Amino acid sequence: MTTPDISIESDRLPQRKSVLQHIGSLARKQPLGFAGGLVVLAMVFMAVFAPWLAPFDPEQANFADMLVPPGSTSEMGEGFFLLGTDQFGRDLFSRIIYGARTALLVGFTAAIIGSCAGLALGVASAYFGGYFDLILQRIIDVFMAFPLIIMALAIVAIFGTGTEKVIMAITIPFIPRCARVVRSSALAVREMPYVDAARSIGYSSARIIFRHIAPNVVAPFLIMLTAFLGEAILLEASLSYLGLGVQEPTPAWGLMLQGGAEEYAESAIWVPIFPGLAITIAVFGFNLFGDAVRDALDPRLRSQ
Amino acid sequence: MKSRLTRFAASVALGSALVVGAGSMPASAQEQGGELRLVVGSDIPSYDGHIESTFGMIHPIRPFYSLLIRVNPDNPSSPTDFVCDLCVGEVPKPTNDGKTYTFKIRKGVTFQDGQELTSADIKATFDKLAFPPDGIASNRKAYFAMIDSVEAPDPETVVFNLKFPSGTFIPSIAMPFNFIYSKNDLDERGYTWHQTNVNGTGPFHFVEHVQGSHVTGKKNPNYYHEGKPYLDGYTSLIAPKMSVRLQAIRGGQADIEFRGFPPKARDDLKEALGDQIEVQESDWNCVLIVTPNHEAKPFDDPRVRQALSLSIDRHQGSEYLSKIAIVKTVGGIGFPGHPISSSPEYLEKNIIGYSKDIEASREKAKALLKEAGHENLKFTLHNRGVDQPYKVVGTWLIDQWRRIGLDVEQWVQPSTPFYATLRTQKNFEVSLDFNCQAVVNPIADISKFLPSSGANYSYFEDAELESIYAELLATGDEGKQRELFAQFEKRVLNDLASQFITLWWYKINPYRSYVKGWKIAPSHYLNQSLENIWIDSAERKKQLGG
């Protein structure tokens with residue numbers, strides 16, 4: 001008697017996919033999101049490795065090479081200007097690489113602080129309810145009545161310019177926006193039996209908020225966070241373009257655009273065009289990435 | 001001195017003959033009629049010339065008013081050529097050992113509301129300017145410190161009695177901000193009425209001001225300079241952004257801008273429109289000054305301030321910044337080329353920061369910082385949110401200071417908070433400030449560097465500097481004036497390094513070639529009555545059609 005072979009194809013454990021297979025699968029399922037992710041990765045790479053990637057000091061003026069077109073070599077024989085130079089003879093390629101640092105510093109800091117503060121406020125508002133919720137939501141209504149850029153401009157007008165102030169100006173309008181979205185999800189979670197259970201065994205409000213409600217509203221939180229990243233980069237560029245953001249000689253894309261667009265749009269078109277392209281690609285990339293994150297976290301879209 | 005002044009006047013006039021064709025037509029060719037459209041890069045803070053200092057007021061409002069005397073509109077480059085406006089004949093010579101000036105006033109001049117002008121109006125105006133009552137501002141009160149009293153013995157005579165003879169009296173009286181107001185308006189309507197109302201005797205009558213948009217004026221039919229103005233009227237368009245002003249001229253929506261464009265804008269306009277654009281250029285009685293706050297450590301230490309000045313390569317800056325900004329000339333505290341001002345050779349040998357051996361200067365700067373214990377100094381440069389030339393010069397300065405190892409950030413504020421920081425909050429370390437004057441009058445112009453000037457934001461005291469200036473102001477001897485001027489300059493730029501000079505501005509005015517008769521001056525405040533300007537209508541039609 002022989003023992004029948006009981007191994008059945010369908011019972012086998014699925015083979016584990018390699019990282020590359022995962023990436024390939026993601027690229028097929030979410031080609032736009034994948035492209036956005038690549039842009040984000042490229043920006044992070046540029047920001048982290050800027051000192052090694054940039055051929056020149058981004059702040060060093062080099063008057064012998066003022067407004068040199070792309071693909072030229074330095075008058076002093078000191079190097080090659082891939083994207084040309086600006087009116088101070090600074091290498092645009094180096095400034096764009098370092099500009100990614102400014103964009104990500106402002107973008108990530110404002111988005112993370114703004115959405116985390118919004119998460120805490122939104123969950124607390126839903127959890128406590130009553131007058132606390134009522135008053136907080138009316139305050140949020142006031143903040144949300146102003147368009148993002150107007151609110152940021154007002155904050156910069158009050159506190160002044162500079163990187164830290166720009167981060168603050170972008171962070172503050174993000175808080176109520178995130179709080180409003182998170183609150184709506186937290187209101188449903190608040191009614192869950194495990195929250196009642198936690199309350200009945202005497203857990204503190206802070207513990208319930210941060211350990212039991214907040215983790216369950218992480219999906220809308222992450223969606224807001226990724227959406228804020230692109231918005232923050234665009235806002236930083238807008239404020240710098242208006243002369244209210246970071247200041248010269250700091251490399252920042254909006255500032256580079258402002259310095260070049262008015263005076264050199266015709267005679268040295270590379271001065272505004274490359275920072276403009278950098279802003280466009282970065283914001284587009286972050287938006288695609290944010291959409292992909294939303295799709296991945298939304299159960300309805302995921303099932304499709 | 002007189003001959004040196006004459007030579008200077010001739011040389012600036014020649015310099016301004018970079019003018020291509022402007023004002024060179026015979027008198028008979030001047031055409032009557034038409035409307036000038038000028039574009040101004042600033043809104044109007046108020047209409048009152050006595051309290052304002054901005055071209056944003058002068059360019060649209062000056063044509064409504066007259067002056068007692070003025071810089072010759074046919075020779076505005078000269079710092080010594082003054083002619084009567086409301087007075088008659090020649091500008092008077094002083095009597096009583098230089099202490100009395102008697103002006104004869106024109107008859108039959110009327111204000112826009114019909115009041116007749118008399119010497120009482122001139123007296124009331126200069127009383128307000130020189131001796132304003134408490135609570136009433138007069139921005140140029142310090143310029144009239146030599147005036148003891150003003151008298152109007154009859155309706156056609158005004159007498160100025162001076163405390164001491166002064167070479168700065170006539171240039172001060174000729175300043176374009178000294179609008180002549182009606183005594184009746186001042187008495188009946190108050191000293192602040194002119195801030196929001198216009199009633200002058202100038203070549204044009206006020207029509208309207210639409211906030212943020214434009215000011216319009218129409219020809220004064222009773223104007224006292226015969227045959228003038230040539231224009232029927234003008235519109236002053238307000239456009240704070242330079243690109244808008246540039247495109248307005250390029251697209252034919254405006255004819256001229258009087259403040260000045262950077263070199264690149266001039267080149268773009270010339271390239272696009274060729275001979276439809278005329279360009280006039282001139283040195284400009286305007287300079288950006290680095291102003292360390294002596295109340296903020298370590299800028300109370302003269303060695304630190306001297307190091308900052310030593311590290312600036314002004315000669316290279318002049319060569320390169322003049323390609324991208326409205327700055328050009330290397331100079332000391334006085335208008336470059338004026339006989340009393342220091343020559344480039346003198347500055348190079350005697351004043352710190354002017355040597356052409358920049359490497360040696362920077363080594364010295366580093367040594368001074370080391371000696372002061374601030375080798376790796378980190379500070380913030382406070383700057384005004386105006387691109388040309390503030391932000392360009394600010395960025396250049398930061399680059400210069402980086403070359404001696406300093407870490408400098410820039411803090412930019414719009415004009416109103418910028419001045420609030422300088423004047424009231426005083427919470428800056430080093431700031432850029434400007435010294436822009438109308439009539440070239442170096443002895444008066446350098447009062448900005450005095451601790452007591454009220455417009456010096458370095459916040460320091462120095463009795464020696466005050467004493468040199470007092471002596472300079474009171475001396476009539478030209479050789480002594482030159483000697484004291486040099487002493488004053490050395491005290492400011494070397495010993496104290498209380499403030500220091502960047503580069504003098506350079507005025508570039510591209511405009512439509514059908515605009516005729518305007519001549520550039522070494523100041524954007526001067527020669528703005530528009531009465532000499534006329535429009536070549538055939539050329540205008542050719543360029544713009546219609």
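Q: What makes Asn527(B) count as buried or exposed in this predicted model?
A: Asn527(B) has 25 C-beta neighbours inside 10 Å. The label buried needs 20 or more, so Asn527(B) counts as buried.

Q: Where is Asn527(B), and what is its phi?
A: Asn527(B) sits in the loop of chain B between β16 (515-516) and β17 (534-535). Its phi is positive, about 60°, although Asn527(B) is not a glycine. Most residues other than glycine have a negative phi.

Q: Why is Leu530(B) called buried?
A: Around Leu530(B) there are 28 other C-beta atoms within 10 Å. The cut-off is 20 or more, and therefore Leu530(B) is buried. Leu530(B) is likewise found in the loop between β16 and β17 of chain B, and its phi is positive at about 70°, though it is not a glycine.

Q: Why is Glu78(A) called partly exposed?
A: Glu78(A) has 14 other C-beta atoms within 10 Å. Buried would need 20 or more and exposed 12 or fewer, so Glu78(A) is partly exposed. Glu78(A) belongs to the loop between β1 (72-73) and β2 (80-81) of chain A.

Q: Which peptide bonds are described as cis, and on what value?
A: The bond from Lys228(B) to Pro229(B) is cis, with omega near -5°. The bond from Gln388(B) to Pro389(B) is also cis, with omega near -5°. Most peptide bonds are trans. Pro229(B) lies in the loop between β8 (214-219) and β9 (233-238) of chain B, whereas Pro389(B) is in helix α12 (residues 387-402) of chain B.

Q: What makes α12(B) count as mostly covered?
A: Of the 16 residues of α12(B), 14 are buried.

Q: How is chain B divided, and how far apart are the parts?
A: Domain 1 of chain B takes in 2-255 + 514-544, and domain 2 takes in 282-505. Their centres, taken over C-alpha atoms, are separated by 30 Å.

Q: What says that domain 1 and domain 2 of chain B touch, and which elements take part on the domain 1 side?
A: A contact needs C-beta atoms within 7 Å. In chain B, 31 residues of domain 1 are in contact with 21 residues of domain 2. On the domain 1 side, α1 (2-15) and α4 (169-173) of chain B each give two or more residues. α1(B) gives the most, with six residues. By class, that side has 20 nonpolar, 10 polar and one charged residue.

Q: How many residues of chain A and chain B are in contact, and what classes are found on the chain A side?
A: The contact involves 17 residues of chain A and 22 residues of chain B. The chain A side has six nonpolar, seven polar and four charged residues.

Q: What does UniProt call a transmembrane region in chain A, and what does the model have there?
A: The unreviewed UniProt entry gives that annotation to residues 32-54, 103-128, 140-160, 213-235 and 269-290 of chain A. Residues 32-54 of chain A are 91% helix and 0% strand, with end C-alpha atoms 28 Å apart. Residues 213-235 of chain A are 83% helix and 0% strand, with ends 31 Å apart.

Q: How confident is the predictor in chain A, in chain B and in the complex?
A: The mean pLDDT of chain A is 87, and 93% of its residues reach 70 or more. Chain B averages 91, and 95% of the residues score at least 70. Over residues 13-27 of chain B, however, pLDDT stays under 50. For the complex, the predictor gives an ipTM of 0.80 and a pTM of 0.82.

Note on methods. Residues are numbered from 1 along each chain as its sequence is written. Chains are lettered from A and ligands numbered from 1 in the order in which they are written. This is a predicted model: local features need pLDDT of at least 70, side-chain atom pairs count only at pLDDT 80 or more; totals for chains, interfaces and linings use all residues. Domain bounds come from an automatic or database domain assignment. Two residues are in contact if their C-beta atoms, placed from the backbone, lie within 7 Å. Helices (H or I, at least four residues) and strands (E, at least two) are DSSP runs, numbered from the N terminus. Ala, Val, Leu, Ile, Met, Phe, Trp, Tyr, Cys and Pro count as nonpolar, Asp, Glu, Lys and Arg as charged, and the others, Gly among them, as polar. UniProt positions are given in the numbering used here, feature names are shortened, and annotations may be inferred rather than shown by experiment. pLDDT is the predictor's confidence in each residue, from 0 to 100.
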